[in-house]
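Dear colleague,

My notes on it follow, and I would be glad if you read them alongside the coordinates.

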Amino acid sequence: MFMFLIVLLGLIAGSFLNVVIYRLPLGESVVWPGSRCTGCGHSLGVGDLVPVLSWLWLKGRCRYCGGKISGRYPVIEMVTAVAFLLVYLKGDMSCYTVGGWILSSILIACAAIDYDEGIIPNRITYPGLILGFFISYFTVGLPSAFLGALLYGGILFSAALLSRGGMGGGDVKLALLIGAFSGFEGAVLAFILTSMMGGVGAVYLLTSGKAGRKTAVRFGPFLAAGGWLAYVYGAEIINYYLTWLSYF
Ligand SMILES: [Zn+2]
């Protein structure tokens, strides 16, 4: 029963993230006016806004103009719900879990906006960074959060300097934020995981001059995936790795 409520919370959060992902890059308010069809502008009612189900029920089309509604809306809602549930299964009811829900939301929004637009908005990373330090006080501890932010932000800042525009300031700020939420060890692991997921290739391309300003790599989704895994499964991944090492 309680898990059902967590999934519901995740779906609702995901529904809000869809609004953020669509409106923030346009400079629009995320709270006003209410949701509208992006095709015809008709304001949407409660029946149009039930996460995932409305989309299925309306077969991915607007009730008013018949225009197609992207399948990404229900996907973002489901991904958020699954992320919320996995964080809860790991942390039960705790500050760690609340922090994980906030971090999941931030990472999903940043990954999607960077994927679409090639930017990571300050309007997410600045407040997110402050929240991260605040929550770290109850989880990894402030000193660890500062070290993590400094380390991960520093690495990406160096990479941004070397790449001369291929990697942006938004990536650096997102790395700072991930470090603040996950602490020093988490930041180290996040960096390793992100690098393994294709980041190494991107950094090589950028620093070797094979790719430059015009081929800016959209790094946000990699940062988000690595950061999330490090926050939620950091201990497991490190244990697994040490066990594996002990066979040699
Ligand atoms: Zn419409």
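The four donor atoms around the zinc ion subtend angles of 105 to 118 degrees, which makes the arrangement tetrahedral (four donors count as such if all angles lie between 85 and 135 degrees). Those donors are the SG atoms of Cys37, Cys40, Cys62 and Cys65, at 2.3 Å, where a donor is an N, O or S atom within 2.8 Å of the metal (3.2 Å for Na, K and Ca), and their spacing along the chain is C-x2-C-x21-C-x2-C.

This is a predicted model, in which local features need pLDDT of at least 70 and side-chain atom pairs count only at pLDDT 80 or more, while totals for chains, interfaces and linings use all residues. Residues are numbered from 1 along each chain as its sequence is written, and side-chain values use heavy atoms, with hydrogens and water left out.

Turning to the helices (DSSP runs of H or I, at least four residues, numbered from the N terminus), H4 covers residues 95-117, and its end C-alpha atoms are 32 Å apart, which agrees with the 33 Å that its 23 residues should span at 1.5 Å a residue (the expected span being 1.5 Å times one less than the number of residues). Just after H4, Gly118 takes a positive phi of about 75 degrees.

Within 4.5 Å between heavy atoms, the cut-off for contact, Ile6, Leu9, Leu17, Val20 and Ile21 in H1 meet residues of H4 including Trp101, Ile108 and Ile113.

Key: Tetrahedral: all angles 85-135°; square planar, octahedral: opposite > 155°, others 65-115°. Helix = DSSP H or I, 4+ residues; strand = E, 2+ residues; numbered from the N terminus.
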